[in-house]
Amino acid sequence: MKFYTKIPKRLKYFYLRELVQYKQALRQGDFIHAWHHLERAHIIGQAYPREHSYAHWLMLRFGIGIKDAKEVLGQLPRLLVGGVKSFVGKIPLGNTGGANVPPLQPMPLPQDIQKLFR
């Protein structure tokens with residue numbers, strides 16, 4: 001069994017870039033684009049415990065910030081077990097991480113992100 005502990009530098013660049021874009025959109029009050037970038041950061045980082053858990057932490061905070069009880073309640077279990085699932089390599093590839101999708105459902109990867117994983 002392979003354990004995933006550290007995101008490769010090449011992927012980390014794109015993960016962090018999505019987080020910067022998330023924070024910029026959030027500061028501007030553009031919640032739709034903020035969430036979009038947060039989902040993309042989740043997809044890129046979901047195979048790595050620290051990045052996966054941090055994406056869910058930000059999703060929880062986002063849910064609290066917009067007063068979305070469904071998102072807040074949906075993020076709590078994801079935050080608790082997401083990093084563990086990443087560590088042992090049991091993640092649903094492409095899952096965007098929000099409470100609006102089942103936590104174990106694989107989803108199609110956006111083409112640009114798909115290229116990052118090759």
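Analyst: Helices here are DSSP runs of H or I with at least four residues, strands are runs of E with at least two, and both are numbered from the N terminus. This is a predicted model, in which local features need pLDDT of at least 70 and side-chain atom pairs count only at pLDDT 80 or more, whereas totals for chains, interfaces and linings use all residues. Residues are numbered from 1 along each chain as its sequence is written, and side-chain values use heavy atoms, with hydrogens and water left out.

I begin with the charged pairs. A salt bridge is a side-chain nitrogen of Lys or Arg within 4 Å of a carboxyl oxygen of Asp or Glu, and the count by this rule is 2 salt bridges. In one of them, the side chains of Arg40 and Glu18 meet with an N to O distance of 2.9 Å. Because Arg40 belongs to helix α2 and Glu18 to helix α1, this pair ties together parts that are 22 residues apart in sequence. Arg40 and Glu18 are both buried, where buried means under 20% relative accessible area, exposed means over 50%, and partly exposed covers the range in between (1.4 Å probe, protein chains only). Arg40 also forms a salt bridge with Asp112, and here the closest N and O atoms are 2.5 Å apart. Since Arg40 lies in helix α2 and Asp112 in helix α5 (residues 111-116), this pair ties together parts that are 72 residues apart in sequence. The cover of the two partners can be stated as well: Arg40 has 11% relative accessibility and therefore counts as buried, while Asp112, at 40%, counts as partly exposed. Taken together, Glu18, Arg40 and Asp112 are linked in a network of salt bridges.

The aromatic side chains give a second set of contacts. Rings of Phe, Tyr and Trp (its six-membered ring) pair if their centres lie within 6.5 Å, and planes under 30 degrees apart count as stacked, over 60 as edge-to-face and the rest as tilted. The count by this rule is 4 aromatic pairs. One of these joins Tyr22 and Phe62, whose ring centres are 6.5 Å apart and whose planes stand at 55°, so the pair is tilted. Tyr22 is placed in helix α1 and Phe62 in helix α3 (residues 49-65), so the contact ties together parts that are 40 residues apart in sequence. Both Tyr22 and Phe62 are buried. Another pair is made by Phe31 and Phe62, with ring centres 6.1 Å apart and planes at 85°, so this one is edge-to-face. Because Phe31 lies in helix α2 (residues 31-45) and Phe62 in helix α3, the pair ties together parts that are 31 residues apart in sequence. Ring pairs link Tyr22, Phe31, Trp35 and Phe62 into a cluster.

Leu26 is found in helix α1 and is partly exposed, its relative accessible area being 31%.

Lys67 sits in the loop between α3 and α4 (69-87). The phi angle of Lys67 is near 60°, a positive value in a residue other than glycine, and Lys67 counts as exposed at 74% relative accessibility.

Gln75 lies in helix α4 and is buried, with a relative accessible area of 0%; its C-alpha atom is separated by 9.4 Å from that of Leu58, 17 residues apart along the chain. Val84 also lies in helix α4, but Val84 is exposed, with a relative accessible area of 55%. The C-alpha atoms of Val84 and Tyr15 are separated by 19 Å, the two residues being 69 residues apart along the chain.
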